[in-house]
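The sequence and structure come first.

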Amino acid sequence: MGTGPLLLLASLEGLVMAAVLALAAVGLSLTFGVMRVVNVAHGEFYMLGAVLAWAVAQFVPSAPMGFVAALIFAPLAVGALAWLTDTALLKRLNYNPESTIVATIGLSYLLQQGALSFFGPDARAVQAPFELRLQFPWFGYSGYKLFVIAAALAVLAAVWWILSRSRAGLVMRATQVDRNTARAFGINVDRVYAGTFALGAGLAALAAVLIVPISQAHYLMGHDPLLLSFIVVIIGGLGSLRGTLIAALIIGLSDGILSMLYPPTLAKILATLVVALVLVFRPQGLFGAKA
Amino acid sequence: MAAVILEARGLSRAFGGLRAVDGVDLTLTEGEIHALIGPNGAGKTTLVSLLSGRLAPDQGTIRFAGEDITRLPAQTRVLRGIAYTFQITSIYAGLTVFDNLALALQRRHRRDLADAVTQAATRIGLAPYLQTEAGTLSYGHQRLLEIGMGLALSPRLLILDEPTQGLANAEIEDFLTLIRGLTGTTILLIEHNMEVVMALAQRITVLNMGRVLASGTPDAIRADRAVQDAYLGGGHAAD
Amino acid sequence: MRPALLHIGVLAALVAAGFLLPAYQHGMLARILVMAVFAMGYNLAFGYTGLLSLGHALHFCAGMMATGLAMRHGLAAGPALILGLAAGTATAMLTGLLALRTAGVSFMIVTLMFAQAFHLTLLYYGGFTGGDEGFPLPSAARRLFGLDLTQAGPRYAVALALFAAGLLAQWALVRSRFGRSMIAMRENEERSRMLGYNPFTTKLAALALSGLYSGAAGAAYGLLFGYVGASFGTSQYSILPLLYVLLGGAGTTLGPLLGAGLMAWLIDAASSLTDSPLAVIGITLIVLVLFAPKGILGTLREKGLKWLP
Ligand SMILES: Nc1ncnc2c1ncn2[C@@H]1O[C@H](COP(=O)(O)OP(=O)(O)OP(=O)(O)O)[C@@H](O)[C@H]1O
Ligand SMILES: [Mg+2]
């Protein structure tokens with residue numbers, strides 16, 4: 001294969017990566033933006049989405065049906081768990097930023113152990129809902145991967161619509177600006193918080209369901225997406241949705257392309273250092289507005 | 001004529017479009033009690049924050065004891081002898097009164113720290129409370145502790161930001177006695193209570209909308225028409 | 001008076017345990033003591049200075065790797081140990097120079113990222129560092145002051161000596177002028193600045209001390225148990241000291257030991273149910289932040305034992 005086709009392939013892989021990453025990162029960004037909490041268990045919500053997708057696929061034998069069922073069930077189940085986490089844990093901590101981080105670290109350990117106990121240490125594959133191979137002049141490419149890009153774009157558009165056009169989005173933005181004023185205007189802040197946390201977790205789970213036919217489910221699979229989501233959210237500017245989307249695209253694409261050219265460990269080292277330095281020297285992110 | 005200890009020239013500081021301090025000149029002579037008065041939002045706290053180094057000025061220079069301190073960080077200015085007590089009480093609520101005072105004293109008093117702390121506590125009437133957690137003291141006592149920490153630094157210039165705010169009359173009397181008992185310390189006093197100002201101040205500077213409206217002796221300020229119109233007039237004069 | 005008696009009593013009990021306990025428990029107790037030194041270092045930053053770091057695995061593992069690699073290349077245990085202390089201190093100061101420009105949540109994430117980058121770097125240069133598998137230290141080289149550290153008795157003695165030195169130094173430190181200024185940063189940074197303290201240098205010095213303890217613990221761990229590896233640089237080793245300190249009581253001199261001991265016991269007790277400590281750690285963390293954020297000794301201190309150091 002020549003350089004041109006190789007680059008095209010890398011870009012396609014990068015786009016798949018960017019699409020899934022954007023979903024997970026938007027979830028994290030949403031909880032940070034509205035609730036001002038950093039959810040370290042976000043990667044574990046992602047992992048749960050993948051594991052549940054596998055579990056659902058065991059019950060529903062036909063591949064397309066099982067996938068559709070997982071697509072509906074996994075985000076709902078994970079969202080419900082997140083709702084519970086919010087009311088039983090975060091709310092009691094008064095959303096104190098530092099306690100919340102410690103508590104969600106604890107939660108992430110618990111979820112990992114839970115997945116290990118019920119699911120075992122092996123990686124499990126889930127069948128894609130359809131087998132379609134698109135033939136380019138230079139290489140064949142999975143139609144499912146293109147579907148993942150399209151699906152992620154559709155969901156992101158829906159999220160964007162909810163946030164900027166719907167009443168729910170208005171309520172969330174009002175709460176983000178000032179929760180006391182929001183409460184004074186009769187907004188049920190508790191419900192908004194729980195709902196936001198559930199939505200954020202659900203998005204992570206959805207991303208995982210989409211990715212699982214490509215990369216398998218495993219109880220430790222939450223680490224990388226958590227790190228990458230952090231990177232995206234911080235570089236995009238904490239809590240800035242627009243910045244998060246731009247950063248997800250750039251990082252997903254460059255990660256896809258770079259990891260074909262460089263060893264992934266080296267890329268990760270550089271990425272973590274960049275995050276740290278961005279936080280130190282440009283805390284509003286590279287694309288966020290000045291606070 | 002006593003020596004000049006602090007000299008500010010053309011100090012300015014804006015927040016966004018708001019010019020909180022706008023081209024202020026201020027001269028303090030050694031040993032004087034100088035009151036800084038003005039309506040709410042006049043820029044008094046902002047001005048003294050520039051002097052103490054909590055905020056950086058957009059423009060202007062500050063000289064203290066003959067040296068330019070405009071660019072020095074706050075903690076270095078404290079070591080040079082400028083102490084600041086906060087308008088909103090800021091003590092170590094979780095530590096004992098002893099530790100609060102010790103933190104102000106321990107740099108100067110290496111061997112005799114306990115004695116120095118006891119002395120400092122006695123001066124502000126808090127000697128019985130040395131082992132009490134500062135956050136559990138009454139409001140008035142916390143206010144006194146705040147002032148006591150400033151005094152404990154043995155500063156050459158003590159900036160008091162509304163020290164009597166929220167104090168009862170008896171506590172204000174104690175405060176007046178405390179300040180009168182100081183010798184040699186220059187005091188810059190922000191105060192809304194005009195009785196306190198008139199009882200203590202040798203000179204007064206009036207600030208309004210970030211600018212100096214007038215500066216002079218208490219009698220001169222009282223007689224100043226512009227001041228009366230802007231600030232002392234009407235209700236205040238009748239107090 | 002009472003604090004002095006308490007510290008001496010605890011140390012005396014640990015000496016007695018060395019004589020009374022069966023040999024197989026020496027290993028576990030030695031491990032607890034070394035981890036308690038790590039937690040004491042963490043306590044200096046988090047408990048006393050209020051710096052909630054999520055990256056202390058970096059300093060622990062740096063100390064361990066420095067000592068291990070030096071010994072692998074022929075350095076004697078004594079100088080290698082010193083190198084470990086230096087590595088822990090140096091990494092804490094270097095990362096602190098940058099991380100201390102942030103505070104709160106950003107500080108947590110920045111320290112986490114630095115530790116992550118360090119761990120990944122160890123993996124990247126796996127050929128030199130041994131990567132996640134690590135490497136054993138040559139038994140012949142594990143001798144300190146003529147003691148053979150492959151033996152349970154001397155090993156416990158060295159662990160206890162390190163712990164005792166760390167505990168007494170920590171106690172002296174937090175009662176000192178500098179200790180008071182560290183606590184002042186935790187309680188009210190702006191006030192401290194206006195009393196003439198430089199927050200940046202005070203916190204940097206606290207971090208350096210914290211790194212010194214962590215590096216010492218890491219170096220001793222490698223030396224005493226004969227094995228070093230990048231797996232000690234994972235985020236779990238940043239969470240463990242936090243967990244110990246939270247459990248025992250942040251800002252108490254004996255909290256780190258209590259937390260490390262109790263956690264070891266908890267994980268041991270739960271090992272019949274599960275072979276991974278993850279769940280135990282997770283639940284303990286959640287229960288602590290929810291119900292006892294001051295930890296055991298911190299709660300006792302609040303409930304009347306005011307003299308607890
Ligand atoms: N950090 C800040 N950011 C934005 N605006 C500020 C800030 N600090 C002060 N201001 C504004 O600057 C102006 C001057 O405030 P300042 O606190 O100096 O007034 P003051 O004279 O001390 O008033 P008071 O008597 O109420 O204490 C006010 O309008 C205030 O709202
Ligand atoms: Mg003011």
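Between chain A and chain C the count of salt bridges is zero, where a salt bridge is a side-chain nitrogen of Lys or Arg within 4 Å of a carboxyl oxygen of Asp or Glu. The model is predicted, so local features need pLDDT of at least 70 and side-chain atom pairs count only at pLDDT 80 or more, while totals for chains, interfaces and linings use all residues. Residues are numbered from 1 along each chain as its sequence is written, chains are lettered from A and ligands numbered from 1 in the order in which they are written, and side-chain values use heavy atoms, with hydrogens and water left out.

## Interfaces

Of the two pairs of chains in contact, chains A and C share the most contacts; contact means heavy atoms within 4.5 Å. Chain A contributes 34 residues and chain C 35 residues. About 3,100 Å² is buried between chain A and chain C, with 85% of it on carbon and sulfur atoms. Buried area is the accessible area (1.4 Å probe) that two parts lose on being put together, summed over both. On the chain A side, Val102(A), Tyr109(A) and Gln113(A) lose the most area to chain C, together 20% of what that side buries.

In the other pair, 27 residues of chain B are in contact with 17 residues of chain C. Chain B and chain C bury about 2,000 Å² between them, and 53% of that is on carbon and sulfur atoms. Gln75(B), Tyr92(B) and Gln106(B) supply 31% of the area that chain B buries against chain C, more than any other three residues. Three salt bridges are found across the interface of chain B and chain C. Chain A and chain B are joined by no contact, and their closest C-alpha atoms lie 13 Å apart.

## Nonpolar cores and surface

The largest nonpolar core has 266 residues, and Leu145(B) and Phe163(C) have the most contacts inside it. Such a core is a set of buried Ala, Val, Leu, Ile, Met, Phe, Trp, Tyr and Cys residues joined through side-chain atoms within 4.5 Å. Buried means under 20% relative accessible area, exposed over 50%, and partly exposed in between (1.4 Å probe, protein chains only). Apart from its neighbours within four places in sequence, Phe163(C) is in contact with residues including Leu11(C), Leu33(C), Met40(C) and Leu257(C). A second, separate core of 10 residues includes Ala35(B), Met194(B), Val197(B) and Ala214(B).

Tyr46(A) is placed in helix H2 (residues 42-59) of chain A; helices (H or I, at least four residues) and strands (E, at least two) are DSSP runs, numbered from the N terminus. Tyr46(A) counts as buried because its relative accessibility is 8%. Leaving out residues up to four places away in sequence, Tyr46(A) touches, among others, Val20(A), Ala204(A), Ile211(A), Met221(A) and Pro225(A).

## Salt bridges

The structure holds 16 salt bridges over all chains. Four of them are listed here.

| Glu190(C) | Arg54(B) | 2.9 Å |

Arg203(B) is partly exposed at 26% relative accessibility, whereas Glu32(B) is buried at 5%.

Asp219(B) and Arg222(B) both lie in helix H8 (residues 218-223) of chain B, three residues apart, about one turn of the helix. Asp219(B) counts as exposed at 54% relative accessibility, and Arg222(B) as partly exposed at 45%.

Glu189(C) lies in helix H9 (residues 189-193) of chain C and Lys203(C) in helix H10 (residues 199-225) of chain C, so the pair ties together parts that are 14 residues apart in sequence. Glu189(C) is partly exposed at a relative accessible area of 31%, and Lys203(C) is buried at 8% relative accessibility. Salt bridges that share partners also join Arg19(B), Asp22(B) and Arg211(B) into one network.
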